[in-house]
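Thanks for coming. Please put the sequence and the model side by side on your screens, and I will walk through a few places in it.

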Amino acid sequence: MKKGILTLLTFVFFGNVFAQGTKDPKAKAVLDKALNNFNSLNSFSADFSFVKHVPSLDDETYSGNVKFKDKKVYLNSSDGREVFNDGKTLSIYYKEDNEVNIYTSDPEQNDDFAIDKYLKSYQDDYKYIHMGEETINGVVCDLIELSPDKSAEEMKKQSVFKIKLFINHANGMLVKWKIFEKSGITYTTSISKFEPNVSLNDNTFIFNKAKFPGVEVIDMRE
């Protein structure tokens with residue numbers, strides 16, 4: 001997306017572990033279970049909160065609800081955005097300005113809102129290690145740490161160097177994830193409510209101009 005929701009433990013200690021190309025079997029079992037759970041879903045609705053932390057600045061925070069069905073996405077967030085994506089057309093509505101920007105949907109950018117983004121890519125793109133368990137809001141979670149599976153030269157161009165996934169130990173659902181950049185910036189997304197296989201009308205994912213009187217439409221498609 002144009003504005004992604006859509007993203008440190010002691011790196012000195014674990015740096016040597018990751019450098020060896022660690023793919024921890026215990027972590028893989030947790031990730032496999034989580035991925036299988038997501039692959040079994042036809043749709044879902046989730047309430048989330050998001051925190052962007054930049055050193056020496058106030059945190060940027062917002063919350064909202066996101067709905068998925070196939071490749072379709074709907075997002076309503078407290079930062080004033082409403083996002084409609086039917087898999088072909090992406091419409092981002094800015095409530096304060098009563099303005100909508102329309103783009104051709106990009107599957108790669110669609111993934112920025114996908115809760116299972118890192119679950120889908122861990123086998124090929126990351127090294128992973130099980131870091132123990134942590135309780136979040138009363139839920140016991142497996143803490144899995146990912147690091148990009150890239151050469152030292154490739155890592156020089158990579159801003160993200162670590163991702164933490166907190167996965168419900170009992171049911172394998174992703175509860176929280178935190179992305180770490182070399183600059184010290186972190187992005188944390190937490191799921192407060194998750195409803196699997198909800199009934200969603202396809203119109204949910206289409207921006208309907210008639211519902212937004214006086215809206216300014218800016219078509220960014222070529």
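Two terms come up at once: buried means under 20% relative accessible area, exposed means over 50%, and partly exposed is in between, with a 1.4 Å probe and protein chains only. Helices (H or I, at least four residues) and strands (E, at least two) are DSSP runs, numbered from the N terminus.

Some notes on the source. This is a predicted model, in which local features need pLDDT of at least 70 and side-chain atom pairs count only at pLDDT 80 or more, while totals for chains, interfaces and linings use all residues. Residues are numbered from 1 along each chain as its sequence is written, and side-chain values use heavy atoms, with hydrogens and water left out.

Start with helix α4, residues 117–125. Which of its residues are buried? They are Y118, L119, S121 and Y122. Contact here means heavy atoms within 4.5 Å. The buried residues of α4 pack against α2 (25–39), β7 (126–136), β8 (139–148), β9 (160–168) and β10 (174–181).

Next, the cores. A nonpolar core is a set of buried Ala, Val, Leu, Ile, Met, Phe, Trp, Tyr and Cys residues joined through side-chain atoms within 4.5 Å. The largest one has 38 residues, and L31, I144, L146, L165 and I167 have the most contacts inside it. Helix α2 gives the most to this core, with 6 residues. A second, separate core has 10 residues, including F84, Y93, L200 and V215. As background, nonpolar side chains tend to be buried together in soluble globular proteins.

Leaving out residues up to four places away in sequence, I167 touches V30, L31, A34, L119, V140, C141, D142, I144, G172, M173 and L174.

Now the rings. Rings of Phe, Tyr and Trp (its six-membered ring) pair if their centres lie within 6.5 Å; planes under 30 degrees apart count as stacked, over 60 as edge-to-face, and the rest as tilted. By that rule there are 15 aromatic pairs. F38 and F194 have ring centres 6.1 Å apart and planes at 75°, so this pair is edge-to-face. F38 is in helix α2 and F194 in strand β11 (residues 186–196), so the pair ties together parts 156 residues apart in sequence. F38 is buried at 6% relative accessible area, whereas F194, at 24%, counts as partly exposed.

F161 and F180 form a tilted pair, 6.5 Å centre to centre with 55° between the planes. F161 is in strand β9 and F180 in strand β10, 19 residues apart. The relative accessibility is 9% for F161, which counts as buried, and 1% for F180, also buried.

S45 lies in strand β1 (residues 43–53) and is buried at 4% relative accessibility.

N197 sits in the loop between β11 and β12 (216–219), and at 43% it is partly exposed.
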